[in-house]
Amino acid sequence: MTQELTTSLPTEPVRPSESPGWWRDAVIYQVYVRSFADSDGDGIGDLRGVRERLPHLAGLGMDAVWLTPFYASPQADGGYDVADYRTVDPLFGTLGDADDLVRTAHELGLRVIVDVVPNHSSDQHPWFREALAEPGGAARTRYHFRRGRGAHGELPPNDWESVFGGPAWTRTTDPDGTLGEWYLHLFAPEQPDLNWDSPEVRAEFDSVLRFWLDLGVDGFRIDVAHGMVKAAGLPDIGRTEQAKLIGSQVLPFFDQDGVHEIHRSWRRLLDSYPGDRIGVAEAWAPTAERLALYVRPDELHQAFNFQFLKCPWDAAAMREVIDESLAATRSVGAPTTWVLSNHDVVRHTTRYADGADGGPGQGLARARAAALLTLALPGSSYLYQGEELGLPEVTDLPDEARQDPAFFRTSPDGEDGQNGQDGFRDGCRVPLPWTRSGESYGFGPGGSWLPQPDAWSGLSVEAQTGDPGSTLELYRGALALRRELPGLGDGPMSWLEAPAGVLALSRPGLVCTLNTLGEEVELPVPGRALLSSAPLSYGAGTVRIPPDSCAWWAI
Ligand code: NOJ
């Protein structure tokens, strides 16, 4: 499965073939580096591991890969706590490995998007250490330091809560041992928020972007792209459980209008490089219209459509979200960017299952169907590693194996309904199974940082390759057709009449039918069957679409 690759560095950077607007209909594979492939046997995935498997991703038909953060970091939040934005963490390799990876990807026709984490740094970043060392000093203006409330400054400066639970402020101790100011961290205390009013912060990130663009990356996934600007005066919100409001309303720390000016300046920087380099926003906005603001012509290229990800398995609800999303992005001339799973949410194979009621296999049946629906929609799609294998969420990880900071900051069986076993983010980050047997199912020669379930032998790449009924081959088939059919990808779409619980959509040359019901539905044959997530059967001029399934038809 792996392939010998050269490690020598050509002198001239290789650019992928010119294809203006490539991102408008690209299928982009999210590599969670720590869990993809481990080359050195420390149980943690690394850049060399990714590079060795790139031919597999190119062979599946991906257009690009997005790599989660591999920068120097104490790993308090899986690398989203960066201590040095221009260095590769030794856990993941070296700068030379990053360079090799980008070059190899380009040779294989794959583009490479890397994460940039501008809302916060690590508490081990030299800037933050400098700030802690100098109470009242200028270094503190790069972060949000404030005096506490109360007679002795013993209360946090405002009522903001961390997304990971608990207050969004931590009090510092001054070098002389006395209690000092508080600093803001919308995530873990090890992730202090940067102050984007500071010209130094802005200049530094321009330089970081240039550093990676010069190395040849094709774009950036922008972490917390909705969070860099905070409302003036840092006003109270006036209620608790603020995490529940994220994505449903504008908050003084999320989706402030001021973030757009930053994205506009980054767009100018991206445009100053040859080869259509892109920015994709991880932005939680309350409506499709507000999300579309991030992809106006002079801002970013893409923004993940989390409304679609959050949509339940319900035909009417899905149709509404699809319509709203398409209308909003079209109003600004951008494509929609579909996503079903990522490293922060419960895998959709598990999310779509109706518990015991649905019966075994229901979640996977729906996940396979959802993949075909998504890949038939106009726009670009992000696939999260392992969804092409139909991997479920791992819900029985032992507590001692867990690393998600949210797990440690939210009480088990808390009011959020999370019970300490699922709902946190380690369960979707379990390393991939590549082979049927052997150490960590081929993930690497030295075990895996989270335990893999025994059943993953049968879900491995090796077990599924060549099996026409496998999820891997379903994805391969869909991606091949997406390349062959010129009408797929960006472009027009219309709805066809269909019974309740069924969606039928038409693209140039293709009809896609989705049955969300728990029972078979009989329809007039829409065309020539191309691909189906479950076996079809036929009557006289009719086709019986199985429960929870999707099919593509040539017309
Ligand atoms: C979003 C990332 O996807 C997530 O993994 C991380 O914990 C937060 N941003 C904070 O950086």
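# A tour of the predicted model

Select H125: apart from residues up to four places away in sequence, H125 touches V82, A83, Y85 and Y143, where contact means heavy atoms within 4.5 Å. This is a predicted model, in which local features need pLDDT of at least 70 and side-chain atom pairs count only at pLDDT 80 or more, while totals for chains, interfaces and linings use all residues. Residues are numbered from 1 along each chain as its sequence is written, and side-chain values use heavy atoms, with hydrogens and water left out.

Stay on H125 for a moment. Its place is the loop between β5 (111-116) and α3 (126-133); helices (H or I, at least four residues) and strands (E, at least two) are DSSP runs, numbered from the N terminus. H125 is buried, with a relative accessible area of 7%. Buried means under 20% relative accessible area, exposed over 50%, and partly exposed in between (1.4 Å probe, protein chains only).

**Next stop: R366**

R366 and D354 form one, at 3.5 Å from N to O. D354 sits in the loop between α9 (348-351) and α10 (362-376), and R366 in helix α10, 12 residues apart. What does R366 meet in a salt bridge at 3.1 Å? The partner is D548. D548 is in the loop between β20 (542-545) and β21 (549-554) and R366 in helix α10, so this pair ties together parts that are 182 residues apart in sequence.

Colour these three residues by accessibility:

- R366 is buried, at 6% relative accessibility.
- D548 is buried, at 7%.
- D354 is partly exposed, at 45%.

**Then: D399 and R402**

Select D399 and R402, which form a salt bridge with their closest N and O atoms 3.9 Å apart. Is D399 buried or partly exposed? At 40% relative accessibility, D399 counts as partly exposed, whereas R402 is buried at 4%. Now select D77, D344, D404, R425 and R429, which salt bridges with shared partners join into one network.

**The cysteines**

A disulfide is a pair of cysteine sulfur atoms within 2.5 Å, and the model has zero of them. Select C512 and find the nearest cysteine sulfur, that of C550, 3.4 Å away; C512 is in no disulfide. C550 is likewise in no disulfide, and its nearest cysteine sulfur is that of C512. C512 is buried at 1% relative accessibility, and C550 is buried at 0%.

**Last stop: the largest cavity**

On a 1 Å grid over the protein atoms alone, a cavity is a set of points where a 1.4 Å probe fits but cannot get out, and lining residues have an atom within 4 Å of a point. Grid points are joined across faces, edges and corners, and a volume is the space filled by probe spheres set on the points. There are seven cavities of 30 Å³ or more, and the largest has a volume of about 110 Å³.

Select L291, N305, S325, T329 and T336, the closest to its centre of the 15 residues that line the largest cavity. How many of the lining residues are nonpolar, polar and charged? Seven are nonpolar, eight are polar and none is charged. Here Ala, Val, Leu, Ile, Met, Phe, Trp, Tyr, Cys and Pro count as nonpolar, Asp, Glu, Lys and Arg as charged, and the others, Gly among them, as polar.

Key. 1 Å grid on protein atoms, 1.4 Å probe; cavity = no way out; pocket = protein on both sides within 12 Å on 5 of 7 lines; lining within 4 Å. Salt bridge = Lys/Arg side-chain N within 4 Å of Asp/Glu carboxyl O.
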